[in-house]
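I would like to walk through one model with you, so please have the sequence and the structure open while I talk.

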Amino acid sequence: MNAVRCGILLAALLPIGCGGGVDSVWPERPGPKVVVSFAPVYCWAVNVAGEDAVVKNMMSTTGPHDFNPTDTDARLARKADLFFINGLNLDNDVASAVKKGSGNAKLKVIDLSTKLPIDQLMEGQCHHQHHGHDHPHEHGTDPHVWLSPDFAVLMTEAIRDELKAADPEHAANYDRRAAEYVGKLRALKAEGVAKLAGKKDRKLVSFHESLSYFARSFDLTVSGVVQKKPGQEPNTEELRDLVKMCREKQVRVLAVEPQYTANTSAKAILDELKRNGGVADPALVEIDPLETVTPQALTPAWYEERMRANLTALAEVLK
Ligand SMILES: [Zn+2]
């Protein structure tokens with residue numbers, strides 16, 4: 001299945017490798033040229049890179065579950081030195097296709113998930129969908145590791161080590177900036193733990209299967225999932241099961257995502273719980289899984305700010 005999908009991506013990208021022309025993507029300056037797959041990785045990398053390396057982000061408003069690379073992405077990778085990805089089958093195929101399409105054989109793709117302790121990874125569903133090739137029932141490792149601040153620290157340190165290896169002259173700078181940023185990530189974790197301290201009800205239904213690592217970091221329980229596959233609304237029977245589960249397990253908090261504007265299924269569950277009871281004071285809470293971003297909104301502080309907003313929203317709704 002993967003091979004078939006890659007074949008399609010590569011065919012679409014092949015023409016780029018044949019062209020010549022000037023590369024205006026990267027500024028004329030020394031230092032490593034770094035591409036990252038999506039927004040959380042951008043924030044970690046740009047904080048470590050500082051003025052010693054240039055970092056460019058690939059995916060913006062289309063997140064890693066739905067992304068198909070284009071010529072623009074291949075062009076971005078063409079002169080790049082490093083390509084940091086999340087891994088765990090989230091963006092590996094995209095990275096392979098982009099590297100191949102770019103014609104840049106020297107591009108080093110770094111799968112950050114390989115730097116995480118394997119015994120702390122959790123099982124999840126592989127639910128990518130590209131050009132209608134859909135395989136929602138393959139089980140694999142849950143890729144949403146970026147929502148754990150603890151893992152963000154480890155992946156930031158891995159980025160630091162790669163940048164030091166690529167640019168040893170500025171090793172001390174990378175060390176200093178990485179230490180500063182890791183301090184911020186640890187503060188973010190401590191702040192979240194403090195915000196949620198004393199909450200007796202720590203259960204929620206997540207919108208898609210994205211919050212397992214986040215929940216483990218902050219001692220929360222994900223009791224169910226609204227969209228078994230990102231972007232696909234549950235059917236009537238699944239909705240009924242979710243309502244039943246909320247009543248049985250006394251789950252009153254339903255997470256919705258800003259990326260899915262409709263969120264009609266979560267609202268339907270809420271309405272049913274409000275109308276026919278069984279759960280006291282049910283509520284929706286907006287949790288951003290940090291998979292998409294507008295280019296204008298993506299700043300070095302974006303990861304911390306969005307994580308903090310999620311924790312604040314949860315602290316307001318949990319009791
Ligand atoms: Zn996801």
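Predicted model: local features only at pLDDT ≥ 70, side-chain atom pairs only at ≥ 80, totals over all residues.

The protein has 319 residues, of which 52% count as buried, and its secondary structure comes to ten helices and twelve strands. If we take the contacts with a separation of 6 or more, 74% of them are between residues 24 or more positions apart.

I begin with a sheet of four strands, which is open, has the order S2-S1-S3-S4, and is paired in parallel fashion. Strand S2, residues 54-57, and strand S4, residues 108-111, stand at the edges with a single partner strand each, so one side of each is left without a neighbour in the sheet. From one strand to the next, the twist averages 25°.

Looking at the individual pairings, S1 and S2 run parallel and are joined by four bridges, and within that pair Val36 has Asn57 of S2 as its bridge partner. Strand S3, residues 82-85, is likewise parallel to S4, and four bridges join the two; here Leu82 stands opposite Lys108 in S4.

What covers the two faces of S1? On one side we have Lys33 and Val35, on the other Val34 and Val36, and all of these are buried, so that both faces of the strand are covered. As a reminder, in a regular strand the side chains alternate between the two faces of the sheet.

Turning to the helices, H2, residues 39-49, lies across S1, S2 and S3, and runs at about 170° to S2. Helix H5, residues 149-166, also packs on the sheet, where it touches S1, S3 and S4, and its direction makes about 175° with that of S3.

H5 has a helical partner as well: its axis and that of helix H6, residues 171-196, come within 10 Å and cross at roughly 175°. Since angles over 145 degrees count as roughly antiparallel, H5 and H6 are therefore roughly antiparallel to each other. The residues making this contact include Ala152, Thr156, Arg160 and Leu163 on the H5 side, and Tyr174, Ala178, Tyr181 and Leu185 on the H6 side.

Now to the interior. In soluble globular proteins, nonpolar side chains tend to be buried together. In this model the largest nonpolar core has 78 residues, and the members that touch the most others are Trp44 and Tyr303. The element that gives the most to this core is H2, with nine residues, and the core draws at least three residues from each of domain 1 (2-191) and domain 2 (198-287). Leaving out residues up to four places away in sequence, Trp44 touches a set of residues among which are Leu112, Trp146, Met155, Ile159, Tyr181 and Tyr303 itself. There is also a second, separate core of 15 residues, which includes Leu254, Val256, Leu270 and Leu273.

Val94 and Pro69 are 25 residues apart along the chain, and their C-alpha atoms are separated by 6.5 Å.

Thr292 is found in a loop, between strand S12 (283-286) and helix H10 (302-317), and yet at 17% relative accessibility Thr292 counts as buried, because the cut-off is under 20%. Its contacts, again without residues up to four places away, are Ser60, Thr61, Thr62, Gly63, Gln259 and Trp302.

Setting aside neighbours within four places in sequence, Ala166 is in contact with Pro32 and Leu82. Ala166 and Leu82 are 84 residues apart in sequence and 8.5 Å apart in space, C-alpha to C-alpha, and Leu82 brings us back to the sheet, as the residue opposite Lys108 in S4.

Methods:
Residues numbered from 1 in each chain as written. Heavy atoms only, no water. Pairing = 2+ DSSP bridges. Axes fitted to C-alpha atoms, helices over the stretch in contact; angles between N-to-C directions. Contact = heavy atoms within 4.5 Å. Core = buried A, V, L, I, M, F, W, Y, C linked by side-chain atoms within 4.5 Å. Buried < 20%, exposed > 50% of the residue type's maximum accessible area, 1.4 Å probe, protein only. Domains from an automatic or database assignment. Parallel < 35°, antiparallel > 145°, perpendicular 65-115°, else oblique.
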